[in-house]
Amino acid sequence: MDTQRVLDIFKEITTVPRGSGDETRITEWLTKWGKSRSLDVKVDGIGNVCITREAAKGKENVPTVVLQAHQDMVCEKNEGVAHDFLKDSIKYVEEDGWLIAKDTTLGADDGIGIAAALALLESDEPTGKIEAVFTISEETGMDGAEYMKDGFFTGRILINLDSEDEGQLFIGCAGGVNTEVRIGFVPEPVCSDLVPVTVTVGGGLGGHSGDDINKERMNAVQQMARFLYAEFDRGFQLIDIDGGGKHNAIARECKAVIAVPSPASLKRRAAKFSAELREEFHNSDPGVFCTCSAAAVRKRAADYVNTLGLLTSLYTCPHGVQAMSQDIPGLVQTSTNLASVHRNGNRFEIVTSQRSSSVAECRNIASRVRANFEAVGASVRHVNEYPGWNPNPDSPILARCVESYRRLFNREPEVKAIHAGLECGLFLKKFPGLDMISFGPTLRCVHAPGEKLELASLPKFVDLLNDVVCNLK
């Protein structure tokens, strides 16, 4: 398997729209790809794809290996960027040793995993039987893994290709749940003596709510709530609020339209708050800001009581790392992400997500988030709960990967658990007895514009995968 071929396949994948819930075209692309190479292809009822390459001569008794990646990508872009994820190819550049999409997500999570699996399937390397399994909607609810039926794949060794640090072998991950909130309000006319203004808190780096939650990056939704809560006694009406995006991304920007008595005074206080933000986040998010600009009003404002309830609950909502592991140094055990807030008609909708290596701790922090919002009369529900993956240090595939890594690169790999959620937890729950590991090349800024793939890490990832699969016995 050739590294350049992996990169070429990935670049082809970037031309196929494949946001979560919109995987039809990548499913069709994968199906066509497999059939054009005379490989066995099957697609289940929800869109999971399995492409099978039979064992080479003399390798019939080698255990079947499952290479697993997910079809969908997180679709995020910078404000004002004219990119349509439903039809446009991803625009990327090679710069300073990275393949980077500057204004959107790149989709290397997990397009590079798909590309590596496909490159191995089409290679001339003699291997045992390979089943390449590509799931749908991993980023929004792990639906592909959740609804996959027994028998879709047969292998008992699974290599997940959805990790983001070369040189690290992952044997465990966090479980999680999303908590969704609705706060209704009574629409009221905007007072004639108030002036509509758009307040923007932005410039955050955002990032993956699992991998990056310990980097103490600004959460734009919570900082907007902080600013507006401090302004509330001065008298304003909340007309609109729109912040954050995906449940598994840290909110980079939030906008609110408010009607105020004095735009000039508000602008001065926003400038002061902007300076405070830059001081607080000068290392993690050096470009943060808070600005005010004129706004055109098309909607009625929310009533006083429910505006106060919204701002109070957003301001006090837990966000960030809640506990570190007592067993694995440096591993986040439990966290929660205040992901987004939007106005939808006559209600505000809020999405949060909780993760933990402990089921009890995950449910506890989800309950705390629930209590925080229910205290102001909100409607709250927990959705898309998924299990974690408990590490097995005696895993045979782990031993095989460690041996291979040492031999190839003359150094020890790191064996770790990850705070992000992987589909491995669901696979193990549904198909007990799987022997699993996860590894990949180095990615940064995942789930945010500026997502990038370190090109120097790609050959090591490819060589390790090739060596492990080709030398299984």
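## Stop 1

Select Ser137, which lies in the loop between β6 (130-135) and α4 (143-147). Helices and strands here are DSSP runs (helices H or I, at least four residues; strands E, at least two), numbered from the N terminus. Ser137 has a phi near 50°, a positive value in a residue other than glycine. Is Ser137 buried or exposed? Ser137 is buried, with a relative accessible area of 5%. The classes are buried (under 20% relative accessible area), exposed (over 50%) and partly exposed (in between), with a 1.4 Å probe and protein chains only.

Met142 is not a glycine, yet its phi is positive, about 55°. Met142 counts as buried at 3% relative accessibility.

A word on the model before moving on. It is predicted: local features need pLDDT of at least 70, side-chain atom pairs count only at pLDDT 80 or more, and totals for chains, interfaces and linings use all residues. Residues are numbered from 1 along each chain as its sequence is written, and side-chain values use heavy atoms, with hydrogens and water left out.

## Stop 2: zoom out

Show the whole protein as a cartoon. The secondary structure comes to 11 helices and 23 strands. The radius of gyration is 24 Å, close to the 23 Å that the globule rule gives for 473 residues, so the protein is as compact as a globular protein of that length. That radius is taken over C-alpha atoms, and the rule is 2.2 Å times the number of residues to the power 0.38. Along the principal axes, the C-alpha atoms fill a box of roughly 85 × 45 × 45 Å.

Switch to a surface. The accessible surface comes to about 19,300 Å², of which 48% belongs to carbon and sulfur atoms. Areas come from the Shrake-Rupley method with a 1.4 Å probe; for residues, only the protein chains shown count as cover. Of the 473 residues, 58% count as buried.

Turn to contacts (heavy atoms within 4.5 Å). Among those with a separation of 6 or more, 79% join residues 24 or more positions apart.

Color by charge. Lys and Arg count as positive, Asp and Glu as negative; His and the chain ends are not counted. The mean positions of the 52 positive and 65 negative charges are 3 Å apart. Each charge is placed at NZ of Lys, CZ of Arg, CG of Asp or CD of Glu.

## Stop 3: salt bridges

How many salt bridges does a search of the whole structure find? The search finds 28 salt bridges. The criterion is a side-chain nitrogen of Lys or Arg within 4 Å of a carboxyl oxygen of Asp or Glu.

Select Arg5 and Glu122. They form a salt bridge, with the closest N and O atoms 2.4 Å apart. Arg5 lies in helix α1 (residues 3-13) and Glu122 in helix α3 (residues 108-122), so the pair ties together parts that are 117 residues apart in sequence. Arg5 is partly exposed at 25% relative accessibility. Glu122 is also partly exposed, at 25%.

Next, select Arg182 and Glu349. Their side chains meet in a salt bridge of 3.9 Å, N to O. Arg182 is in strand β9 (residues 175-184) and Glu349 in strand β18 (residues 347-356), 167 residues apart. Arg182 is partly exposed, at 43% relative accessible area. Glu349 is partly exposed too, at 23%.

Then go to Glu412 and Arg406. Their closest N and O atoms are 2.5 Å apart, in a salt bridge. Glu412 is partly exposed at 47%, and Arg406 is partly exposed at 42%.

## Stop 4: a cis bond

Select Asp109 and Asp110. The peptide bond between them is cis, with omega near 5°. Asp110 is found in helix α3.

## Stop 5: two loop residues

Select Gln71, in the loop between β3 (65-70) and β4 (93-95). Gln71 is buried, at 0% relative accessibility. Leaving aside neighbours within four places in sequence, its contacts include Arg18, Glu23, Asn48, Ile114 and Phe134.

Finish at Gly235, in the loop between α5 (220-231) and β12 (237-244). Gly235 is partly exposed, at 33%. Not counting residues up to four places away in sequence, Gly235 touches Ala259, Val260 and Pro261. Draw a C-alpha to C-alpha line from Gly235 to Leu194: they are 9.4 Å apart in space and 41 residues apart in sequence.
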